[in-house]
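Please read the following with the sequence and the model open side by side.

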Amino acid sequence: MQFHHNGYVSGDPTIQRPAGVGVDRRDELPDEMDVLVVGTGPAGMITAAQLSQFSGVSTRIIDRRDGRLEIGQADGIQARSVETFQAFGFADRIIAEAYRITEMAFWKPDPTNPSHIVRTARAADDETGVSEFPHLLVNQARVLDYFAEVMAHSPTRMQPDYGWDFLDLEVTEQGEYPVRVTLQRTAGPDEGTTRVVRAKYVVGGDGARSKVRAAIGCSLDGDQANHAWGVMDVLANTDFPDIRTKCAIQSTSGSILLIPREGGHLFRMYVDLGEVEAGHEKEVRATSISQIIANANAILNPFRLDVKDVAWHSVYEVGHRLTSRFDDVLPEDAGTRNPRVFIAGDACHTHSAKAGQGMNVSMQDGFNLGWKLGHVLEGRSPAALLRTYSAERQVIAKNLIDFDREWSSLMAAKPEDLADPTELEDFYVRTAEFPAGFMTEYAPSMVVAEAHHQALAAGYPIGKRFKSARVRRVCDGNDLHLGHLAAADGRWRIYAFAPAGGNADPRLAAFSEWMLTSAGSPLADTPDGADANSWFDVKVIYQQLHTEVVIGEVPEVFRPRVGIFGLIDLENAFGIDPGNDIFDARAIDRDGVVIVVRPDQYVAAVVPLAATHELESFFAPLRSPQGAAATSR
C-alpha cells in the first residue's frame, strides 16, 4: 500500500480521501445517476465496490431490505474469491475470522454393517497447490460487510440505499440518462410511495426472482432435479468424530454434506430429504426442522446429533437454470447496439449450494462488469467494451451448471448405485481446480488477445487468471507476491519481464522509451494532471537478484512521478526470488516478454518485448475516442 505521496497521513491509510462525486455525496437517492445497482447481494456489492474506486462515476446501490443482511445463506469462499478479496484489501482479515478447509472426509456404509457409516477416505483440499490462498467458510453477511467498508472508505464514499424496491424500467435511448427506473419505498415514513429515477446503466443483482431480469425480457431456463434437501446452521453436541471437518456422508438412509463454520462450534448440514413426487413440492418445502434433524440422525447412525440451537434452516429442491444473455441486447440486435442493462449472480444462473459456487461465481460476474462500466463512464474506453460482459460470463455460468449437475447427482446417489465405490471422492479430487475458481478461461475478444505468443509465457495462459509468484523488490529487498500488489483500482497491469541483460539490453530501453513517448502507447491517454500511473500500473521484473539491479538505472517508465509533489515511485522494479525464480516457475522466455493483465486479474495478452506494434494494436480498440483529451468527469 502506498500513501503519504500527497502529504502526511496520520489516520487509517485504507480510508481514501473523498474525491469527485464523493466530495459532497448526497445521503438521499438522487434523481439521476451513472449506474444504479439493484440488490446488495455478492454480485451487486462487488460491482458497487469496484465502481466506488472511480471518483468521477456516480453509482448508487439499492435494496428492498431496510438494512444490512444479518444471516446469509451462502458460506463457501473459494481460493479465487480470496485472491479477489486481496485485491480489495481485506483478504487477511477475512481469513483470520473464517474457517479454513484443509481436507475433506468421505463416509460410506460399513461393509460389515451397512446400517452404520465409516470413514473411507480423506482428500487434501488443494493437493496440487493451485493457489497460495486458502479455501474458507464464512457467512455471506460478513463478506458483504467487507465490501460495504471498501465502498465507504473509497473516494466516492458510497453506501447502500436501503428500503427501495425495484418495480420496472424502460430503456428510452433518449438524453444523457436513458434508462427510466420505477422504484417503491419499502421502509420509513414514506413506505409504499413510488418514484422514478434515471440512469445511464442499470445492474440487476437482485437474485433468482430478479425483477430486473424480467424487465429486460429474460427468463431462467433449465430443469428441476426433483430431489429435496434440508439445510441447517446449528450448534450441537455429537460423537461424530469429523464434525469439524468438511465431509461427504453417504449412508443407506441418504446423504449429508457437512460444512464446519467459522467460530469453532457452528456447522452447516445439507441433509438429504429424498425424491420429490410430482405435485408434492409444497409438502416437502414445509418439512420441519425437527424432521431435518431426525433425517440427519438416521444418516449419521451409529453416531448421534443433539442439536442445541438452530441459527437458520431452509428446504430447497436442486435446480439448474441459466439465462441465454446477461444484458438487454436482444439476439437480433447483437453487434448493432451496446447494452444499457445487465444482470449478474443468481439473476442469471441458479444451481445447487453444495458445490459452494453461487456466491463465488456471482462475485466474479460483478468484478468482470464493474471495471468495464467504470472505464466507459470515465471516458477510458468506448461503450462497445460492455458487450464483452455477457459474452464472457454466460459461458462461464454454463460450465458451472454442467459441473454442478454432475456433483449434485453424485451427492444424491445411493452408494450402491455408483459405478465405482470411490466415484464421489475421485470426482472431488479430479475436478478440484474448477470449484476453486481457476478453470475460467475467457475466449479471444477485444479484452483478450489471440494466443500467438503463448509459448513465451506458458505459465500465464491467456484468458486465465494471473497466477502470482514471489519476487524481490529492488528498492528495499522485500519478498513479495507480484500478483498481490494488484489492487482492485480499475488499472490495467503491464508487466515487462526483462531480457537477461537487464537495463543494459537495448530492447528494454526501447520498450520503455516507446511506452513513455509514443502516441501508440496506452500511457498516451492518461488525462492531463493525472499521475503517470493512474490508468496503467507498469512494472519490470529482472532475471537478476534485486541486489544486482541499480535502482537509478531502472528506466523512467517504471519510476513514475506521483502525487502533488511529483515524488518518484521506486516500488515497480523487482528481481527474482532466489528460491523460486518466477521465470522458471511460470515458464517465461528469457529474451523478454510483456504480459498484460486486466483490472479483474485475467491475463489479456502475451507479446515479445520488442513487439510494441502488437501492444499498440491490442489497446487500440480499448482507447476512448477522446484519446489523450479524455478526462474524468
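Val284 is buried, with a relative accessible area of 15%; buried means under 20% relative accessible area, exposed over 50%, and partly exposed in between, with a 1.4 Å probe and protein chains only. The model is predicted, and local features need pLDDT of at least 70, side-chain atom pairs count only at pLDDT 80 or more, and totals for chains, interfaces and linings use all residues. Residues are numbered from 1 along each chain as its sequence is written, and side-chain values use heavy atoms, with hydrogens and water left out.

Val284 belongs to helix α6 (residues 281-285). Helices (H or I, at least four residues) and strands (E, at least two) are DSSP runs, numbered from the N terminus. Not counting residues up to four places away in sequence, Val284 touches Ala228, Val276 and Val315, where contact means heavy atoms within 4.5 Å. Val315 is 31 residues from Val284 along the chain, and their C-alpha atoms are separated by 7.6 Å.

With neighbours within four places in sequence left aside, Ser255 is in contact with Trp229, Ile249, Gln250, Tyr270, Val271, Asp272, Ile299, Met411 and Ala413.

Helix α1 (residues 42-51) contains Thr47. Thr47 has a relative accessible area of 0% and is therefore buried. Apart from neighbours within four places in sequence, Thr47 is in contact with Val37, Val203, Gly366 and Gly370.

The next topic is helix pairs. Two packed helices are described by the angle between their axes and the distance between the axes. Axes are lines fitted to C-alpha atoms, for helices over the stretch in contact, and angles run from 0 to 180 degrees between N-to-C directions.

α1 packs with helix α4 (residues 140-152) at an angle of about 20 degrees, and the axes are 9 Å apart. That angle makes α1 roughly parallel to α4, because angles under 35 degrees count as roughly parallel, over 145 as roughly antiparallel, 65 to 115 as roughly perpendicular and the rest as oblique. The crossing of α1 and α4 is left-handed; a crossing is left-handed if the near helix is turned anticlockwise from the far one by less than a right angle, and right-handed if clockwise. On the α1 side the contact is made by Pro42, Met45, Ile46, Ala48 and Ala49, and on the α4 side by Gln140, Leu144, Phe147, Ala148, Val150 and Met151. By class, this contact of α1 with α4 has 10 nonpolar residues, 1 polar residue and no charged residues. For these classes, Ala, Val, Leu, Ile, Met, Phe, Trp, Tyr, Cys and Pro count as nonpolar, Asp, Glu, Lys and Arg as charged, and the others, Gly among them, as polar.

Helix α2 (residues 79-88) and helix α8 (residues 358-377) have axes that come within 10 Å and cross at roughly 40 degrees. α2 is therefore oblique to α8. The crossing of α2 and α8 is left-handed. Arg80, Ser81, Thr84, Phe85 and Phe88 of α2 meet Asn360, Met363, Gln364 and Phe367 of α8. The residues of this contact of α2 with α8 divide into 4 nonpolar, 4 polar and 1 charged.

In another pair, the axes of helix α11 (residues 506-517) and helix α13 (residues 612-619) come within 11 Å and cross at roughly 35 degrees. Here α11 passes α13 in a right-handed crossing. The contact involves Phe511, Trp514 and Met515 of α11 and Thr612, Leu615 and Glu616 of α13. The contact of α11 with α13 comprises 4 nonpolar, 1 polar and 1 charged residues.

Cys218 is in no disulfide, and the nearest cysteine sulfur, that of Cys348, is 8.0 Å away. From the side of Cys348, the closest cysteine sulfur is that of Cys218, and 8.0 Å is too far for a bond. Cys218 counts as buried at 10% relative accessibility, and Cys348 is buried with a relative accessible area of 0%.

Technical notes
A disulfide is a pair of cysteine sulfur atoms within 2.5 Å.
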